[in-house]
Amino acid sequence: VEKIRPWLHRINTLKPNRSEAEQLCGFRIAGPDTWPMAAAWFHRAGVQRLFLSLGDQGIFYSDGECQGHLPVLGSPVVNVTGGGDAFMAGLAHAWLQEQGIMETTRFALGCAALTVNCSDTVFSGLSKAAVERMLEEYPC
């Protein structure tokens, strides 16, 4: 994670986990009161959109203007391998669709939920329609 420190000012979208974020910002991200502080640090460093992965606590998102927290979806977890990659794919898709940051986060959570709900590291049925069905079944 230290290798990206000099490049933070060039990063549009970053999705660190809590440990990675703590290593970069230099303080403990202990709970909800520290999530906005971490986001502010990353925005001052130049990151435009932050998606702070909080494990079973969900995602804290911020673009400097809008920020919030969404819990993980309540779907069953079979295999967590690939969940973060699916989340990133969801972020990219939603960004290309010019969705707002909350909608982007929600869509990405749906991608991750579908992926961790299968035994493979990649969910072969991942599609916009599948994510929308997942989000209807497990609303944030």
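How many residues lie between E3 and E4 in their hairpin, and which residue in the turn has a positive phi? Four residues separate the two strands, and Gly64 is the turn residue with a positive phi, of about 95°.

The legends below describe a predicted model, in which local features need pLDDT of at least 70 and side-chain atom pairs count only at pLDDT 80 or more, while totals for chains, interfaces and linings use all residues. Residues are numbered from 1 along each chain as its sequence is written, and side-chain values use heavy atoms, with hydrogens and water left out.

**Figure 1. Overview of the protein.** The protein contains five helices and four strands; helices (H or I, at least four residues) and strands (E, at least two) are DSSP runs numbered from the N terminus. Read from the N terminus, the elements follow the order β-α-α-β-β-β-α-α-α. The radius of gyration, taken over C-alpha atoms, is 15 Å, close to the 14 Å that the globule rule gives for 140 residues, so the protein is as compact as a globular protein of that length. The globule rule is 2.2 Å times the number of residues to the power 0.38. The C-alpha atoms fill a box of roughly 40 × 30 × 25 Å along the principal axes.

**Figure 2. The open sheet.** Four strands are arranged in the order E1-E2-E3-E4, with mixed pairing. E1 and E4 (67-70) stand at the edges with a single partner strand each, so one side of each has no neighbour in the sheet. Two strands are said to pair if DSSP finds at least two bridges between them. E1 (residues 13-14) and E2 are parallel and share two bridges, and Leu14 has Leu50 of E2 as its bridge partner.

Figure 3. All five residues of E2 (residues 49-53) are buried, where buried means under 20% relative accessible area, exposed over 50%, and partly exposed in between (1.4 Å probe, protein chains only). Arg49, Phe51 and Ser53 point one way from the strand, whereas Leu50 and Leu52 point the other way. E2 runs antiparallel to E3 (residues 59-62), and four bridges join them; Ser53 is the bridge partner of Ile59. Five residues lie between these strands in the hairpin, where Gly55 adopts a positive phi near 60°.

Figure 4. E4 is joined to E3 by four bridges in the antiparallel sense, and His69 of E4 stands opposite Phe60.

Figure 5. Helix H2 (residues 35-45) lies across E1, E2, E3 and E4 and runs at about 140° to E2. Helix H4 lies across E2, E3 and E4, at about 150° to E3. These angles run from 0 to 180 degrees between N-to-C directions, and the axes are lines fitted to C-alpha atoms, for helices over the stretch in contact. Thr104 belongs to H4 (residues 101-116) and counts as buried because its relative accessibility is 0%. Contact means heavy atoms within 4.5 Å. Apart from neighbours within four places in sequence, Thr104 is in contact with Arg49, Phe51, Leu91, Ala94, Trp95 and Gln99.
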